[in-house]
Amino acid sequence: MEIAVQIIGLVVAVLAVSFLAKVLNLSAPLCLIVVGVALSFLPGVPDYALNPDLVLIGLLPPLLYATAIRTSLIDFRANRGPIGLLSVGLVVFTTLGVGAVAWLAIPGVPLAAAFALGAVVAPPDAVAATAVARKVGLPRTIVRVLEGESLVNDAAALVALRTAIAAMAGAVSFWQVGGNFLLAAGAGVLLGLLVGQVASVLRTRLQDPVFDTGMSLVVPYVAYVAAEAVHGSGVLAVVIAGLMLGHREPRMLNGAARIAGTVNWQTIQFLLENVVFLLIGLQLRRILTEVGDTDLSLGTLVLACALVLLATILCRILWMVGITLLRKAFGRKAWRWRYSAVTAWAGMRGVVTLAAVFVLPEDTPQRPVLVLAAFVVVAGTLLLQGGTLPWLVRKLRLPAPDPAQDALQEAVLLQNMTTAALERLERERRPEDTPEVLDRLRSRMSNRVNAAWETLGRSEVDLETPSFAYRRLRRAMLESEMDTLLEARDKKAADDVVLRRVLDMLAIEESMLDRSTQLVNDPASGWLKAPPSTAACKHLKSAPYHVPADSEEGCQDCLAEGTTWVHLRLCLACGHVACCDSSPAQHATRHFRESQHPVMRSFEPGEKWRWCFVHGSLG
């Protein structure tokens, strides 16, 4: 009963602190550590001993898996060079650099134990780094590299830690170090591929969302334990399996299973990662008690911990500067200095660091001091780097992801999907298929893609577009439907099985309506830059970006016919202004059919994307 109460208390504290951090726009990990530290000194609060096995085996695999299944395998491959330099090269560099500083700063610490501390503090935290990165709106290139680094660097750090612990027990040769690393990496990759392949086959046959979710919960533990059993890297096995399954999920699972899996894993990740940060803070009182039994003075402890923290931060900065200079010296393309500066500063440490330091043998000289130094690195990097990273991003004026560009890419993707779907409809239709059914299918596809195009260029002063009006009215209708359903439930007018089936149907439609389509338009960002076209198009290459418009009043055809338009388009061959396909008359498409002028451009303020009617491509 006492354990259950403690678990409930941890979860309630996590929910309360995370909610307040969100309301106050503060870093949730940092707030949880601060609250944990404060709670650790309150009388009556249990002494939560952070068991390293609990974190490394119980919590780390699902946390890594939850991140891996949402990481693009395509992006991971595209950024494998920077990811490898940070997740392996930087880990080794930090292990050696921090180890040397710790050996000099902490009296009585053997060199092998100092290198063990370097390995412990080497890997940035997967949760803290990406959470702060997404919150401050970093460019997605940086976010993807940080995600990839944080997925893989734990493997290199844990291998380095094992090697350092082995060195404390006896001599370890260079060949043994290299052999251990190759064994860990090779076995981890092979076991990850094997587990991912087996899980893919099994989950393809499990169409029930409950069974599929249960299977997905087992995968990270099976991959981790199997790899560790053969002295491989459990971290790599989990990451490889997660990347494989995340890449295959769209073809492997049905829609219900994908929705259930997404919600379940988001909930699991939120609770686990935040409980861990709270537990980190709760360790401080226990750590200070153990440090008090050592023979080192307060000044020596403060100086040693400060030097280890400084060395941890400087190693990442020096590594980024060195890599940039070397790439330029050899004529290789390097990141812009602003990108390198932010990446160098995004080195927040977290759960793996504090869990790994408790792996050190109990008889390690000055072990309490090493544990305290690891705690200072975690709290210090979260406070110094995590707290100032938003300020640095603003000062460097890094471009945040553009919601308008995302909406444009979404509209183009939906347009191409709609074209493919309608072509398939014409091939699959049968003579007995009624025109009503075909018209309903065509109308649904047209409404979906038109809603995406309507979102572009919409501002607060615009008139309500048809799709937004549809959402407003349909939400009102759903409220009435829900009232009627609940009334039938209270009167027992229908069986509970029937009620729940209809309730699930309403929930699915309501979730589709709740999808946010509101764009945040930043006037300072200038014209909207279109993403590269998905296919080479000779019309887009030869078409200009601007021609004189034949009318500044709007669509002349709509004005003549007495109809209204939603958005305007400009023909880049003759300058004719016409209305978009969301408008009732669709004059832009009609103009293309009559004139065969292939390219039009948005005539909305703040946009200059172009569209080729012939190839259905964007430029």
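**Entry: the model**

I recorded that this is a predicted model, in which local features need pLDDT of at least 70 and side-chain atom pairs count only at pLDDT 80 or more, while totals for chains, interfaces and linings use all residues. Residues are numbered from 1 along each chain as its sequence is written, and side-chain values use heavy atoms, with hydrogens and water left out.

I then checked pLDDT, the predictor's confidence in each residue, from 0 to 100. The protein chain has a mean pLDDT of 82, and 90% of its residues reach 70 or more. A contact means heavy atoms within 4.5 Å.

**Entry: the patch again**

I returned to the patch and found that helix α14 (residues 298-329) gives the largest share, 5 residues. Helices (H or I, at least four residues) and strands (E, at least two) are DSSP runs, numbered from the N terminus. Leucine 307 is found in helix α14, and at 32% relative accessibility leucine 307 is partly exposed. I noted the classes: buried is under 20% relative accessible area, exposed over 50%, and partly exposed in between (1.4 Å probe, protein chains only).

**Entry: salt bridges**

How many salt bridges does the structure hold? I found 15, each being a side-chain nitrogen of Lys or Arg within 4 Å of a carboxyl oxygen of Asp or Glu. Side chains of opposite charge can pair when their charged atoms come close.

I looked at glutamate 428 and arginine 424, whose closest N and O atoms are 2.9 Å apart. The two residues are 4 apart in helix α18 (residues 403-428), so about one helical turn separates them. Glutamate 428 is partly exposed at 47%, and arginine 424 is partly exposed at 45%.

Aspartate 496 and arginine 500 also meet in a salt bridge (2.9 Å, N to O). Both lie in helix α21 (residues 496-513), 4 residues apart. Aspartate 496 is partly exposed at 40%, whereas arginine 500 is exposed at 52%.

In the salt bridge of glutamate 481 with arginine 474, the closest N and O atoms are 2.7 Å apart. Is arginine 474 buried or exposed? I found arginine 474 buried, at 12%, while glutamate 481 is partly exposed at 32%. I also recorded a network of salt bridges that links Glu426, Arg429, Asp439 and Arg442.

**Entry: histidine 576**

Where is the place of histidine 576? I located histidine 576 in the loop between β1 (568-571) and β2 (577-579). Histidine 576 is buried, at 14% relative accessibility. Its side chain makes polar contacts with the side chains of aspartate 550, at 3.0 Å, and aspartate 557, at 3.3 Å. A polar contact is a pair of N or O atoms within 3.5 Å; within protein, one must be able to donate a hydrogen and the other to accept it, and residues adjacent in sequence count only if both atoms are side-chain atoms. Leaving aside neighbours within four places in sequence, the contacts of histidine 576 include Arg569, Leu570, Cys571 and His591.
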